[in-house]
Amino acid sequence: MELTEATSLAGAFVTQLIFKMHSLPLFARSRRGTQWAERQGSSLAPAAALEEERERLQRFAVRERIDKAKGRSVHLTVSALTLDREKGRCPALADNRCSIYDARPYACRTVPMHYTKPESVLGGYLERFVNSPGYACDVSAKAPVVFDGRSITDAGTQAARADALALVQSEMPWKMAIAALMDDKRTATTADLPTVDEVLRHSDAGYATLAPMLAAWRVAQDMGVLSPDAFKGVCRKQIALIRAELDRGPDLDAASRLAGLLSDYERAVSGALGMRAAGLPFVPVRTPPG
């Protein structure tokens, strides 16, 4: 979800920052470009698909680099990731129903035509979604058309995607301020953030990078986006959720990381300074492609 959503839902989800590096070929007619186009599954020709994806990433990326040696450009994005209690199951589900439906993030409102995806690849996403076991999708002849093969025809999905992109644009200064701290090892370490180079190394090894959401909220407070009282409010909400998770008895790895996060938030509320009490300030994590 976006950082603003993670903030408003601080009482519903334990969240962390997730940094992803997206790699694009410099040229569609290169070997790298051919391989990229095959994975992309776009309805457009390779050159047009590459240009569409490059334009899309310009809306989301906080850092971009040209890597001529590897024939690629790399694009850093920042968002929030929930800490799920069970693999493949949203923590907000209660009796198999969404307990935060009216406040659900845009990532949920635009499923399966996610707002971060260009329309040229949505056909494949929609097909895989409706064919997933356990998903109760109405694919009968009487079902409304939501995608005509080229563009979205459902007004609600169109509006949700537009609103999501507006939110992304509105919080770009916040994300850029986070990224500015990541350019230098000293400022990144002080802020409990990875450097851009570290995120890139993790990405090349097949990992995204997680960091404490607290780091983003500290930046927001410094920018005046969060008042001191609001900052402590989101910290207290995370404290309550983390304590509840620890009471559930998670596995040892999760318990260690949760204990470290809990200590961070408790120090933040008390006004104490210092680095993280336990574990690394950031960790690489396997994530699905996309």
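This is a predicted model: local features need pLDDT of at least 70, side-chain atom pairs count only at pLDDT 80 or more; totals for chains, interfaces and linings use all residues.
Student: Where do R56 and E53 lie, and are they buried or exposed?
Tutor: The side chains of R56 and E53 meet in a salt bridge at 2.6 Å, N to O, and the two residues are three apart, about one turn of the helix. R56 has a relative accessible area of 13% and E53 one of 8%, so each falls under the 20% limit for a buried residue. Both are therefore buried, and both lie in helix α3, residues 46-60.

Student: Which residues are linked with D67 and R72 in a network of salt bridges?
Tutor: D67 and R72 are both buried, and they form a salt bridge in which the closest N and O atoms are 3.0 Å apart. The network that holds this pair also includes K70 and D204.

Student: How are helix α10 and helix α11 oriented, roughly parallel or roughly antiparallel?
Tutor: The axes of α10 (residues 213-223) and α11 (residues 228-247) come within 9 Å and cross at roughly 170°. Since angles over 145 degrees count as roughly antiparallel, the orientation of α10 to α11 is roughly antiparallel.

Terms used
Residues are numbered from 1 along each chain as its sequence is written. Side-chain values use heavy atoms; hydrogens and water are left out. Axes are lines fitted to C-alpha atoms, for helices over the stretch in contact, and angles run from 0 to 180 degrees between N-to-C directions. Helices (H or I, at least four residues) and strands (E, at least two) are DSSP runs, numbered from the N terminus. Angles under 35 degrees count as roughly parallel, over 145 as roughly antiparallel, 65 to 115 as roughly perpendicular and the rest as oblique. A salt bridge is a side-chain nitrogen of Lys or Arg within 4 Å of a carboxyl oxygen of Asp or Glu. Buried means under 20% relative accessible area, exposed over 50%, partly exposed in between (1.4 Å probe, protein chains only).
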